[in-house]
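Subject: Structure for you to look at

Hi,

Here's the structure I promised to pass on.

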Amino acid sequence: MRIDVFTIFPDMVAGFADQSLLGRARRSGLLDVRVHDLREHTTDAHRTVDDAPFGGGAGMVLRPEPIFASVEATDPPRPLLLLGPGGRRFDQARARELAVSGGFSLLCGRYEGVDDRVRTALCDGELSIGDYVLGGGEVAAMVVLEAVGRLVPGVMGNVHSSGEESFSDGLLEYPQWTRPAEFRSMEVPEVLRSGDHERVARWRRARSLLRTLADRPDLIEARGGLGDAERELLAEFGDD
Ligand code: SAH
């Protein structure tokens, strides 16, 4: 899978994509992440990428020429998604879509944003990572890279790792423990040490439901409330 990122801070994104899981996936050839420096396509001596907004107001706006030139010189995988607070909200479902898409590209804005002709005439869509305003699209690009990258088949060592985790079926994940079994008088639940895999699975499902009910009731509502089997599970394990 190829992912291209356009930015005026290429070192930020490239450094991030070289570490840990993404770095390994890049070196093994599973992920082809290409970071492009928008400044390479400026034509003036100062390599200017921004200018004052028409109509006045604070801050600077990224100029269209270097962005169009950079994208046209690269012919990156589509869709080309502009990162911006006004975009469609990025979530686990979108991450899954992008992970099986074969490739896509991300464009990072900065300062007050990007000349709107970039959004309307160059990009295929806009992606937001949440209802808050960042200083630039680079952190958002890293969020998307990591969330999508780990879902690309083969990137995570254990193929089962992503199937049971939070949001995979509209629920939060069950809580996890590791050794030691007792730490400062806090014990790991007995059932997890029982070796009874079937019971462990049902217990985890119950804990996943309980945690989602407590912390994210909106997720339970979105999937149409609890089913009969789920109510039974809660009755069985609800007191644990
Ligand atoms: N003036 C703009 C915000 C610009 S923030 C406004 O009020 O909408 C500068 C850049 O940071 C944006 O161009 C975008 O690329 C990035 N950015 C900021 N918040 C973001 C978010 N929530 N999701 C994705 N990108 C974001």
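Let's start with one side chain: is arginine 26 buried, partly exposed or exposed? Arginine 26 counts as partly exposed, at 23% relative accessibility. (Buried is under 20% relative accessible area, exposed is over 50%, and partly exposed is in between, using a 1.4 Å probe and protein chains only.)

Before the rest, bear in mind that this is a predicted model: local features need pLDDT of at least 70, side-chain atom pairs count only at pLDDT 80 or more, and totals for chains, interfaces and linings use all residues. Residues are numbered from 1 along each chain as its sequence is written, and side-chain values use heavy atoms, with hydrogens and water left out.

Arginine 26 pairs with aspartate 18 in a salt bridge, with 3.3 Å between the closest N and O atoms. (That term means a side-chain nitrogen of Lys or Arg within 4 Å of a carboxyl oxygen of Asp or Glu.) Aspartate 18 is partly exposed too, at 40%. Searching the whole structure turns up 20 salt bridges.

Two others sit inside helices (DSSP runs of H or I, at least four residues, numbered from the N terminus):

- In helix 4 (residues 92-99), glutamate 97 and arginine 94 are three residues apart, about one turn, and their salt bridge is 3.5 Å, N to O. Arginine 94 is buried at 10%, while glutamate 97 is partly exposed at 42%.
- In helix 5 (residues 116-121), aspartate 116 and arginine 119 are also three residues apart, and they meet at 2.7 Å, N to O. Aspartate 116 is partly exposed at 41%.

Cheers
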